[in-house]
Number of protein chains: 2
Amino acid sequence: MSGQIDVAIIGVGLVGSSVLRQLATVPALSALRVIALQNSKKTLLAQHGQGLSLQDWKTQLNASPVAALSLEKLVSSLKELEAANQRHIAVIDNTSSDDVASFYPSFLEAGFSVVTPNKKAFSGSLDLFKAIVNAKAKPNGPLTYQESTVGAGLPIIGTLNDLIVTGDKIKKIEGVLSGTMSYIFNEFSPASGSSSKFSDIVRVARENGYTEPHPGDDLSGSDVARKLTILSRLVPELADKLPEGFNSVNTQSLTPSGLAGEQNADNYVKRLPEFDGEFDQLRASAQERKCVLRYVGLIDVEKNIIKAGLESYPADHPFATSLGGSDNIISFTTERYPRPLLVQGAGAGADVTAMGVVADLVRVAERRG
Amino acid sequence: MSGQIDVAIIGVGLVGSSVLRQLATVPALSALRVIALQNSKKTLLAQHGQGLSLQDWKTQLNASPVAALSLEKLVSSLKELEAANQRHIAVIDNTSSDDVASFYPSFLEAGFSVVTPNKKAFSGSLDLFKAIVNAKAKPNGPLTYQESTVGAGLPIIGTLNDLIVTGDKIKKIEGVLSGTMSYIFNEFSPASGSSSKFSDIVRVARENGYTEPHPGDDLSGSDVARKLTILSRLVPELADKLPEGFNSVNTQSLTPSGLAGEQNADNYVKRLPEFDGEFDQLRASAQERKCVLRYVGLIDVEKNIIKAGLESYPADHPFATSLGGSDNIISFTTERYPRPLLVQGAGAGADVTAMGVVADLVRVAERRG
């Protein structure tokens, strides 16, 4: 890698820490110099001409006398560093914050590239998405990369972009896009059959930390709807289709209607067994047709359909046989790939998400460093 | 895409024609200007400041008064165009020529990037490979991209590079890497069982143009050995392991020993049925263990093994269930992906190979345009 860039990191939780670990330990990445760290409490800025020490960043950030800057003030501080250091700056947003996401146009207008695993900006309103596209639309302008918003480090967005830029016609994108949903249905409806109860699987998944604190946030399907939004906006024919982003996606919630509105997560999990019969029936009906159940996202370009929901697949389909753990799988059917191009692997986890972020950062350095 | 580059294309057969079609028909690619075409007979050079017309390139090339230039003279002509046009030049090698491949260091030393689906240079001697690496090793120097050398347009080399540059440790790379071998064994040993004769499948594959003119050139396994060489050289621990390139790979030929040396393709195919019994036995032995046969390439970094050969896989393994047609599949097992990252899809064909080439060309334009 030839280019040197400066990096500002917002959000230093699990993913952010893993990004910093990769930057600190891989010698080839030394050209990516971290000059700012910010969490909800503190901001740590490097001296002019220097990078932050990545060995003890946590101690330093905690000890920083600077309370977390507003995003406006962060931009001013970064502009100052940019003027002093004369290097292109990339901002990494490792938060899941809507506020940071809606600030991307300002980062880009300030000339900073944006790299992020945060789905919010690219799956929100079409207005925000267009503001982002406009803010970077100049020759040699700043860049945005968001590979980790779908399938973590798996080559999904890059592959879709390559297909489109070379003139392929996307016909269908279909996939198991939520690690949590993948785990739940790999357990509940394996190709070999199962009699496990849906509620038990959800409970155990929650106990192991595989779900959000409130499992209803996974079972709502909104994570899949967000990923579908991000992908569909890359397909020229669909770019304008979802004005309200993921809220415009036809999404099937798996929360039983009798539990809708149950805000208390413990109560939700406690009452879920009341509805096991419904899930048993769905599974039995699929099994009769020698099928399994999977919660999938589907983009059918020709039929103009974007939807997230429960579908059944024959027991010898890759979605049925090949998945395990909380794997994601995605299938692109195109003019050139009538037999689909498939990508599969872990779609969640701090290290694989950070890998996608760091690989994106390398691309920024290659192009703007 | 921001950057504008000039493109010189050597080899305008099936893949080259498809590259030209993509460049001619996709509006977003207009920044990639073709300034030179060369086949074994003719060379066509653009005027200063202009690109060639891509609508009737074939007529123009045939009508060109310039007989095919030596590669040395081609370089001089391109240097002249570069001086006049002030644009970075990328050379595309769509041939399968060893001569063109061994000229890459000279292209790079002249400052031209090289994009290619030709496996020869990257799977040949380690000396040539190192000469290529050295010739581009300067800041903002020319680039090489070769995604289409393995799996055509599938995201294989890009993915492996992303894993490595972000510090992942590659443990195992395993795959069905030859479209022809994939087709033959998907037919001969499907998960559902088969009693087809090996010789019949090879004969039909040849009649349909799925094999090389002499099927022994596929059954030798050398195509797989070449791809393993290309991949293993990207893995730091293995970079120096194959001094003679694919000739150093432990490769199992499927040509029966009784047929070794049969140069005449028709005789080869005519005599192949004499050896069906051997293949039947292999299949029966696999079936007894509920396995299928696949011809795979394997790189085991920990065990220091690089080999190509026939292996058996359980009937529910992705290599057994998920493959069809002449699909390639590749599996990366790494520190971060203990459950492997899989990529699958058509691994041969002019349009998907050209797609990989054009996507690589876009990357050159993004970085050097």
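Modeller: This is a predicted model. Between chain A and chain B the count is 6 salt bridges.

Biologist: Why is the pair A:Asp162 and B:Arg363 called a salt bridge?

Modeller: The closest N and O atoms of A:Asp162 and B:Arg363 are 3.1 Å apart. The cut-off is 4 Å between a side-chain nitrogen of Lys or Arg and a carboxyl oxygen of Asp or Glu, so the pair qualifies.

Biologist: Which elements of chain A give two or more residues to the side that touches chain B?

Modeller: They are helix H8 (157-165), helix H15 (318-321), strand E12 (341-346) and helix H16 (350-368). H16(A) gives the most, with 10 residues. By class, that side of chain A has 21 nonpolar, 13 polar and 9 charged residues.

Biologist: What makes E12(A) and E12(B) a strand pair?

Modeller: At least two bridges are needed, and these strands have 3, so they count as paired. The sense is antiparallel, and A:Val343 stands opposite B:Val343.

Biologist: How much area is buried between chain A and chain B?

Modeller: About 3400 Å², with 57% from carbon and sulfur atoms. In chain A, the residues that lose the most area to chain B are A:Tyr337, A:Arg339 and A:Met355, together 17% of what that side buries. As for contacts, 43 residues of chain A meet 43 residues of chain B.

Biologist: Now within chain A. Where are its domains?

Modeller: Domain 1 covers 5-153 + 351-368, and domain 2 covers 157-346. Their centres, taken over C-alpha atoms, are 30 Å apart.

Biologist: How do you know that the two domains touch, and how many residues of each take part?

Modeller: Heavy atoms within 4.5 Å count as contact, and 16 residues from domain 1 and 19 residues from domain 2 of chain A take part, so the domains do touch. Between them they bury about 1500 Å², 60% of it on carbon and sulfur atoms. On the side of domain 1, A:Ser123, A:Leu126 and A:Val150 lose the most area, together 37% of what that side buries.

Biologist: What makes A:Lys130 and A:Asp240 a salt bridge?

Modeller: Their closest N and O atoms are 3.4 Å apart; the limit is 4 Å, so the label holds. The count between the two domains of chain A is 2 salt bridges, and 10 residue pairs are in polar contact.

Key
Residues are numbered from 1 along each chain as its sequence is written. Chains are lettered from A and ligands numbered from 1 in the order in which they are written. This is a predicted model: local features need pLDDT of at least 70, side-chain atom pairs count only at pLDDT 80 or more; totals for chains, interfaces and linings use all residues. Side-chain values use heavy atoms; hydrogens and water are left out. Domain bounds come from an automatic or database domain assignment. Buried area is the accessible area (1.4 Å probe) that two parts lose on being put together, summed over both. A polar contact is a pair of N or O atoms within 3.5 Å; within protein, one must be able to donate a hydrogen and the other to accept it, and residues adjacent in sequence count only if both atoms are side-chain atoms. Helices (H or I, at least four residues) and strands (E, at least two) are DSSP runs, numbered from the N terminus. Ala, Val, Leu, Ile, Met, Phe, Trp, Tyr, Cys and Pro count as nonpolar, Asp, Glu, Lys and Arg as charged, and the others, Gly among them, as polar.
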